[in-house]
Every structure is written in C-alpha cells, then in structure tokens.
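Please consider the model shown below.

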Amino acid sequence: MAKEIERKFLVAGDYKRDAASSSHIVQGYIGRTPSLTFRVRIRDERGYLTVKGRTDAAGVSRDEWEYEIPLADACELLSHGDGTIEKRRYLVPAGRHTFEVDEFFGANEGLAMAEVELSSPDEEFARPEWLGEEVTGDKRYYNSQLLEHPYSTWKK
C-alpha cells in the first residue's frame, strides 16, 4: 500500500514556461464504496487503474494503489463509468519537488490546479510565483467531484 500525501493549489500565473513535459489525460470513475474510489485513467497511450482510500480530515493524505493496465482494458472500463474528465497535465519542477499542473477542458474549462506530492504532511516545499490559493481539502476540487459538479456550473 502506498500513501498519497499532497497539497493542492489554484494557479495564478504562467507555469508553462517552466514545464518539463506535458501529457493528455482522460479519466473517469467506475465505482465507489464508503471508503474507496475506483478511477480509470488514460494518460497519453497508457492505461491505469487506481484505488483511492478516504482522505484524512485535513484533506492531505490517503491510501492509494495504482496499477498499469492494457489500454484496451482502460477504454472498456471507462465505458462503464458516468463520464470522463479531460485535462492536460504539465510537470513543473520547483526546488526539490515537481508540481503536477492540470489544465482542464470541457465542462471544467478555465480551471487550472497544481498539486505537489510530499513525503510528510508538514514537508517544506518551494512555492513558485505562479502558485495561487491553497485548496487542499476543499472537496469541490477533487476530480471525482468535478465530474459530478463541473467548474462551469459553479456560481462565481
């Protein structure tokens, strides 16, 4: 079992000039239990199945298991879900860490979020100038919630 520890932020500036790479992601959810969420993701031409546990009270840490699966299986599994989220992910180095910056499309167009994975909840990390408001723990920004309640439907 792996533990995912991450902090999540809105983006408030130009991060693309510092990006080392980017990839196209389509993902959806194929099931939930009270304590687990099952995600299927296609990242470029590779498929993944991820099982995520509940997030802790601070919204920073949770159990996570991720497995690469055949692309055809990922496509088939996605057809059994309730829709997909599409985004472009940029990997942006900053200090000792790499931020994953997601730029959303479709019903979530206009939303860009940055996540940084940490080895402990209180680990220090560089804060690039394009990093905006922290939204760690705000469930509206969970990808599973963005599928059900897209950013375009939020009252500004």
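The largest pocket has a volume of about 720 Å³. On a 1 Å grid over the protein atoms alone, a pocket is an open set of points where a 1.4 Å probe fits, with protein on both sides within 12 Å along at least five of seven lines, and lining residues have an atom within 4 Å of a point. Its volume is the space filled by probe spheres set on the points, which are joined across faces, edges and corners. This is a predicted model, in which local features need pLDDT of at least 70 and side-chain atom pairs count only at pLDDT 80 or more, while totals for chains, interfaces and linings use all residues. Residues are numbered from 1 along each chain as its sequence is written, and side-chain values use heavy atoms, with hydrogens and water left out.

Of the 36 residues lining the largest pocket, K52, G53, T55, R62 and Y142 are the closest to its centre. Strand β3 gives the largest share of this lining, five residues; strands are DSSP runs of E with at least two residues, numbered from the N terminus. By class, the lining comprises 19 charged residues (Asp, Glu, Lys and Arg), 11 polar and six nonpolar (Ala, Val, Leu, Ile, Met, Phe, Trp, Tyr, Cys and Pro), the others, Gly among them, counting as polar.

R62 belongs to strand β5 (residues 61-69). Is R62 buried or exposed? R62 counts as buried because its relative accessibility is 18%, the cut-offs being under 20% relative accessible area for buried, over 50% for exposed and partly exposed in between, with a 1.4 Å probe and protein chains only. Leaving aside residues up to four places away in sequence, R62 has contacts (heavy atoms within 4.5 Å) with residues including K3, E4 and K52. A network of salt bridges links R62 with E4, K52 and E64; a salt bridge is a side-chain nitrogen of Lys or Arg within 4 Å of a carboxyl oxygen of Asp or Glu.

By this rule the count comes to 17 salt bridges. One of these pairs K3 with D63, their closest N and O atoms being 2.9 Å apart. This pair links distant parts of the chain, with K3 in strand β1 (residues 2-11) and D63 in strand β5, 60 residues apart. K3 counts as exposed, at 52% relative accessibility.

A further salt bridge joins E123 to R96, with the closest N and O atoms 3.2 Å apart. E123 lies in the loop between β8 (112-117) and β9 (131-134) and R96 in the loop between β6 (85-94) and β7 (97-104), so the pair ties together parts 27 residues apart in sequence. E123 counts as buried at 16% relative accessibility, whereas R96 counts as exposed at 69%.

Technical notes
Helices (H or I, at least four residues) and strands (E, at least two) are DSSP runs, numbered from the N terminus.
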